[in-house]
There are 2 protein chains.
Amino acid sequence: MEHSLTQSLIRDIPDFPKPGIVFKDITPVLAHPDAFRRVVGDMASYAREVQAEAVAGIESRGFIFGAAVALECKLPFVPIRKPGKLPYKTIREEYELEYGVNAIEMHTDALKAGQRVVVVDDLLATGGTAAAAIRLVRRLGADVVGAVFVVELGFLRGRAALKDMPVRCLVRFD
Amino acid sequence: MEHSLTQSLIRDIPDFPKPGIVFKDITPVLAHPDAFRRVVGDMASYAREVQAEAVAGIESRGFIFGAAVALECKLPFVPIRKPGKLPYKTIREEYELEYGVNAIEMHTDALKAGQRVVVVDDLLATGGTAAAAIRLVRRLGADVVGAVFVVELGFLRGRAALKDMPVRCLVRFD
């Protein structure tokens with residue numbers, strides 16, 4: 001396992017955010033400069049592999065990794081945010097939760113048509129948020145060339161939700 | 001002005017988030033890799049100047065800058081989040097808004113007693129959020145050695161709210 005240090009730092013929090021869910025807490029990775037550096041370095045390598053021209057990060061933990069990857073690769077960083085947070089003109093995509101619907105937004109001037117974009121987030125669970133992020137990027141005419149996550153919860157089958165999209169995850173839990 | 005490029009990229013959004021407020025939109029800075037690199041570089045220089053041993057970033061835009069500064073300085077990154085977002089044991093501090101009260105939280109194991117901490121956020125407005133962040137850090141026995149922001153809204157007198165705290169802002173609007 002290449003990311004055995006990262007994996008060993010991620011801690012299980014039972015019953016968060018609600019009973020029966022085991023939450024994967026990545027804050028100990030952020031507290032460990034070498035591990036954090038390694039994670040960002042590998043995500044940046046992936047962004048280079050897919051020849052990304054911009055990095056889109058999903059609020060909030062995707063900001064932590066995505067902005068660092070953008071800096072590392074000298075690429076523009078595009079924040080994808082919860083509704084009502086971005087001040088300029090936005091487009092919105094909804095995605096389903098276990099109960100109800102959520103949404104994310106992107107500025108209409110965040111990307112150019114044809115631009116190659118990598119989507120960054122901390123966690124690939126069901127893939128609903130990432131799929132909505134991909135739809136946002138495509139609505140601006142840009143091209144999603146890949147998606148990269150720190151953690152994959154394999155049993156939630158997020159890769160299936162992202163279909164034909166190239167996906168890289170550094171640590172997988174089954 | 002050292003940060004004339006940064007300043008020129010920040011755009012005014014009138015009547016956001018509500019009528020009469022002019023919002024300073026920093027997303028064009030994030031879209032400009034040289035400007036973003038420069039901002040993070042100067043924030044990191046400040047963190048080194050005050051001999052910080054950890055970087056605390058305030059959700060959400062503080063994550064974008066704070067995590068990058070932590071990486072740059074090879075320091076632990078501590079996320080300060082909105083209520084209910086951090087999965088482990090937390091402490092909470094409230095701060096006043098124009099109407100009502102808001103709160104932020106930090107993990108109880110995020111910092112060690114005596115650790116030198118720099119607080120990072122994008123914007124110093126009234127200083128209410130930053131003051132609450134400083135109280136969180138101090139409750140864990142750690143030492144806030146400074147606070148650094150991209151933008152200062154001078155007319156809101158945030159520096160006064162932070163009293164004796166060393167503060168650095170890269171761009172100031174009066």
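## A loop residue with positive phi

In chain B, the loop that runs between helix H3 (33-49) and strand E3 (54-58) contains Gln51(B). Although Gln51(B) is not a glycine, its phi is positive, at about 55°, and with a relative accessible area of 54% the residue is exposed, because exposed means over 50%.

Gln51(A) is found in the loop between helix H3 (33-49) and strand E3 (54-58) of chain A, and its phi is near 55°, a positive value in a residue other than glycine. Gln51(A) counts as exposed, at 54% relative accessibility.

## Confidence of the prediction

For chain A the mean pLDDT is 96, and 99% of the residues in this chain reach 70 or more. Among the elements of chain A, the lowest mean pLDDT, 95, belongs to helix H6 (residues 158-161), while the highest, 99, belongs to E3(A). For the complex, the predictor gives an ipTM of 0.97 and a pTM of 0.97.

## How the two chains are related

Two copies of a chain are related by a rotation about an axis and a shift along it. Here, chain A is superposed on chain B by a rotation of 180° with 0.0 Å of shift along the axis, and the RMSD is 0.0 Å. That is the relation of a two-fold axis. The same surface serves both copies, in that 100% of the contact residues of chain A recur in chain B.

In chain A, the peptide bond from Phe16(A) to Pro17(A) is cis, with omega near -5°, and Pro17(A) is found in the loop between strand E1 (11-14) and strand E2 (22-25) of that chain. In chain B, the bond from Phe16(B) to Pro17(B) is likewise cis, with omega near 0°, and Pro17(B) is located in the loop between strand E1 (11-14) and strand E2 (22-25) of chain B.

## The parallel sheets

Strands of a sheet pair through backbone hydrogen bonds, either parallel or antiparallel. In chain A, five strands make up an open sheet in the order E4-E3-E7-E8-E9, and the pairing is parallel. At its edges are strand E4 (77-80) and E9 of chain A, each of which pairs on one side only, and the twist from one strand to the next averages 20°. E3(A) and E4(A) run parallel and are joined by four bridges, with Ile58(A) standing opposite Ile80(A) in E4(A).

Chain B also has an open sheet of five strands, with the order E4-E3-E7-E8-E9 and parallel pairing. Its edge strands are strand E4 (77-80) and strand E9 (167-173) of chain B, each pairing on one side only, and the twist averages 20° from one strand to the next. Strand E7 (residues 116-124) of chain B runs parallel to strand E8 (residues 143-153) of chain B, and eight bridges join the two; Val119(B) stands opposite Ala147(B) in E8(B).

Phe173(A) lies in strand E9 (residues 167-173) of chain A. With a relative accessible area of 14%, Phe173(A) is buried, because buried means under 20%. Leaving aside residues up to four places away in sequence, Phe173(A) touches Gln7(A), Ile10(A), Lys24(A), Val151(A), Glu152(A), Leu153(A), Gly154(A) and Phe155(A). From Gly127(A), Phe173(A) is 46 residues apart in sequence and 15 Å apart in space, C-alpha to C-alpha.

## The nonpolar core

In soluble globular proteins, nonpolar side chains tend to be buried together. The largest nonpolar core of this model has 75 residues, and those with the most contacts inside it are Phe65(A) and Phe65(B). Not counting residues up to four places away in sequence, Phe65(B) touches Ile26(B), Leu30(B), Phe36(B), Val39(B), Val40(B), Met43(B), Val120(B), Asp122(B) and Val150(B).

Methods
Residues are numbered from 1 along each chain as its sequence is written. Chains are lettered from A and ligands numbered from 1 in the order in which they are written. This is a predicted model: local features need pLDDT of at least 70, side-chain atom pairs count only at pLDDT 80 or more; totals for chains, interfaces and linings use all residues. Side-chain values use heavy atoms; hydrogens and water are left out. Buried means under 20% relative accessible area, exposed over 50%, partly exposed in between (1.4 Å probe, protein chains only). pLDDT is the predictor's confidence in each residue, from 0 to 100. Copies are superposed by least squares on the C-alpha atoms of residues with pLDDT of at least 70 in both. Contact means heavy atoms within 4.5 Å. A nonpolar core is a set of buried Ala, Val, Leu, Ile, Met, Phe, Trp, Tyr and Cys residues joined through side-chain atoms within 4.5 Å. Two strands pair if DSSP finds at least two bridges between them. Axes are lines fitted to C-alpha atoms, for helices over the stretch in contact, and angles run from 0 to 180 degrees between N-to-C directions.
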